[in-house]
Amino acid sequence: MKIMELAGIIKEKFEKSILSSSVFYDNETIVIRKEDVFDVIKFLKDEQSFDFLMDVTAVDYKGYPDRNDETRFEIVYNLFSYKNNKRLIIKTLVDEKDLTVNSITSLYHSADWHEREVYDMFGIKFINHPNLKRILMYDEFVGHPLRKDYPFKKRQPRINLRDVGKNEEEE
Amino acid sequence: MGLETIFGKSWATSKMEYVINWARKFSFFDYPFVTACCGMEFMSTFASTYDIARFGAEFPRFSPRQADVLFVVGTVNQKLAPVLRMTYEQMVEPKWVLSFGACATSGGFYDNYAVVDGIDKIIPVDVYIPGCPPRPKAVLDALIKLQEHVQREKLIK
Ligand code: SF4
């Protein structure tokens, strides 16, 4: 199935939800409105047999000439279909003032940790995520290190060394 | 049995301090705190070609409570720092620390938000081994340096 067909099928089903679509060599990309991400991915999973979520990540486009605050962040979903041996990249734009997206953990369990990582690194909140907390950085860390406005050389105070080894029940 | 079969009825004098330090320096029990790629060179140092057993340190203990040399091998990041500190505090005296590789020594090329720039910010270090990763010969050199350091230690401070 050609990607443009897929974009056409989605367009038929979800009117106005596709912002753009493109093919660059093997990378087939569809950009989708933020509100429709969950529904479109559910449709792709249930009816187009995209049964494997390979990755969820994000990009910060702060300072890019063709971007503004409303299109600052981009979330990238990397889908794969074992049945058709096909890859598809779904992107969505996130406004700096409204950093929320619907979580797709109920569709793919692998999204759980990927979304936590995006939250940890970029501060984008996933609605309906079962356990949205930092995954790589420690809990005391302030800010989100992969954002473009996080200072490159900034160091933060370490975790209090004495606090470790304390059982969580004791607290 | 023992020394008397070699020495017969003869005897030797020495300082208590010298004998104890001599025994300590040839019977290191190491605890490998291996976190990253330097671990490969660590393994090769322990394996037969370089054979760290020649220096009496061939017996890694996988519990810090049984060890007296802490090998910090690899990158230590901020989240791991308290764990390293706790491992160090669990070791009993006398104890020494070897910082293995550029990452453990100074953070290496990881100049960023996540990596501790040198484990000496967290625990005291006796010998630093430079290199990314250091060659086994450099490790053995550091071990000999540590042995010299142990031999010079004072029992009564
Ligand atoms: S010093 Fe080099 S080899 Fe060793 S842990 Fe760091 S990056 Fe890896």
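A polar contact is a pair of N or O atoms within 3.5 Å; within protein, one must be able to donate a hydrogen and the other to accept it, and residues adjacent in sequence count only if both atoms are side-chain atoms. The model is predicted: local features need pLDDT of at least 70, side-chain atom pairs count only at pLDDT 80 or more, and totals for chains, interfaces and linings use all residues. Residues are numbered from 1 along each chain as its sequence is written, chains are lettered from A and ligands numbered from 1 in the order in which they are written, and side-chain values use heavy atoms, with hydrogens and water left out.

**View 1. Fold of chain B.** Chain B has six helices and four strands (DSSP runs: helices H or I, at least four residues; strands E, at least two). Their order along the sequence is α-α-β-α-β-α-β-α-β-α. The C-alpha trace of chain B spans about 65 × 40 × 25 Å along its principal axes.

**View 2. Interface of chain B and chain A.** In this contact (heavy atoms within 4.5 Å), 15 residues come from chain B and 19 residues from chain A. The two chains bury about 1,500 Å² between them, 57% of it on carbon and sulfur atoms; buried area is the accessible area (1.4 Å probe) that two parts lose on being put together, summed over both. Q78(B), K79(B) and Y113(B) supply 44% of the area that chain B buries against chain A, more than any other three residues.

**View 3. Polar pairing across the interface.** The rule finds one residue pair in polar contact between chain B and chain A, both at pLDDT 80 or more.
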